Amino acid sequence: MPKIPTFQARGQITTEAPSLRTGIQISPTATPAAALVKPIAEVAEYYEREKLIAEKADAEKQYLELSTELDEIETNAGKLFNPTEAQRTFSTQANFLIKQKLDQTKNKRVKKMMSDLFDQDIIVRNNNVKKLARAELDKQEEYNYDTKYQINLSKYKLATDQTEKDFYENQMFLNQESRSLHFKDSESTKNIAMDSIKKDLLVSDVEQLIENNQFESALNILKDIDNTPFLESKKRSELLDKINDEYNTVLADENISNILNNKLGILTVGAQLENVD
């Protein structure tokens with residue numbers, strides 16, 4: 001019986017597909033399809049950038065549309081002379097309008113950009129309102145002080161009792177203390193203001209003495225330079241001239257009166273002599 005020839009395998013059983021090695025090398029990006037990957041990515045990036053630019057423009061457009069209304073709210077709130085109340089009023093009205101505007105926007109990215117713009121804007125505007133309101137408060141404080149000053153000075157001039165005069169004088173100095181505290185005046189500024197009050201009071205006293213023909217008393221006050229350094233030289237000279245003019249006027253009136261009296265006396269004596277004849 002003939003033998004069946006047998007062979008011994010030199011390899012091993014494997015599940016790998018057979019392959020053929022060649023010396024040819026091909027780049028993975030050298031295919032026509034691969035060559036289109038970069039241009040497609042660039043186009044996608046371009047359209048995304050354009051979309052962001054459009055959304056940013058839309059957000060800024062809607063922000064600017066509301067800015068005019070915010071300007072008006074800021075101006076009106078700044079007219080209040082209470083800074084805290086002014087800021088509260090502005091925030092309440094501004095936030096209401098901003099919320100309305102944001103609620104009308106459906107695009108989330110546009111809404112976020114708008115929200116960021118408004119957040120920054122509100123901080124600046126709120127600070128502006130505080131400054132405006134503070135300026136209004138200062139104007140109101142100045143007006144109140146000036147009004148009370150003129151009232152107290154007038155009452156001081158009309159007062160006939162020294163106790164009453166002292167009361168109005170004290171009120172004037174107390175009001176100035178309060179004003180200096182409000183404006184945070186330096187010591188030198190405060191002293192200048194106090195000297196101004198002293199000057200007005202002294203002028204009032206001197207003019208009242210002149211009106212009452214108490215020229216010597218008025219003159220003594222003006223001559224006391226050491227105790228009245230707050231009175232400017234020009235004003236002192238004006239008051240001295242006024243004393244001199246008023247004194248001469250009174251003296252002239254008295255002389256005329258004496259002359260008239262003397263003439264009347266002579267006429268009376270003459271009439272009596274005629275009657276005797």
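Predicted model: local features only at pLDDT ≥ 70, side-chain atom pairs only at ≥ 80, totals over all residues.
**Helices 5 and 6.** I looked up the axes of helix 5 and helix 6 (residues 187-211), and found that they come within 10 Å and cross at roughly 160°. Helix 5 and helix 6 are therefore roughly antiparallel to each other, and I noted their crossing as right-handed. For the residues that meet, I listed Lys165, Glu169, Met172, Phe173, Gln176, Glu177 and Ser180 on the helix 5 side, and Lys190, Ala193, Met194, Ile197, Lys198, Leu201, Asp205 and Gln208 on the helix 6 side. Sorted by class, this contact holds six nonpolar, three polar and six charged residues.

**Helices 4 and 5.** I then turned to helix 4 (residues 108-158) and helix 5 (residues 162-183), whose axes come within 9 Å and cross at roughly 165°. That angle makes helix 4 roughly antiparallel to helix 5. Helix 4 passes helix 5 in a left-handed crossing, and I recorded eight nonpolar, six polar and ten charged residues in their contact.

**The whole chain.** Of the 277 residues in the chain, 23% are buried, while the accessible surface comes to about 20,900 Å², with 55% of it belonging to carbon and sulfur atoms. Taking the contacts with a separation of 6 or more, I found that 68% join residues 24 or more positions apart.

How values were computed:
Residues numbered from 1 in each chain as written. Heavy atoms only, no water. Axes fitted to C-alpha atoms, helices over the stretch in contact; angles between N-to-C directions. Helix = DSSP H or I, 4+ residues; strand = E, 2+ residues; numbered from the N terminus. Parallel < 35°, antiparallel > 145°, perpendicular 65-115°, else oblique. Left-handed = near helix turned anticlockwise from the far one by under 90°. Nonpolar A, V, L, I, M, F, W, Y, C, P; charged D, E, K, R; others polar. Buried < 20%, exposed > 50% of the residue type's maximum accessible area, 1.4 Å probe, protein only. Contact = heavy atoms within 4.5 Å. Areas by Shrake-Rupley, 256 points an atom, 1.4 Å probe, with all protein chains shown as cover.
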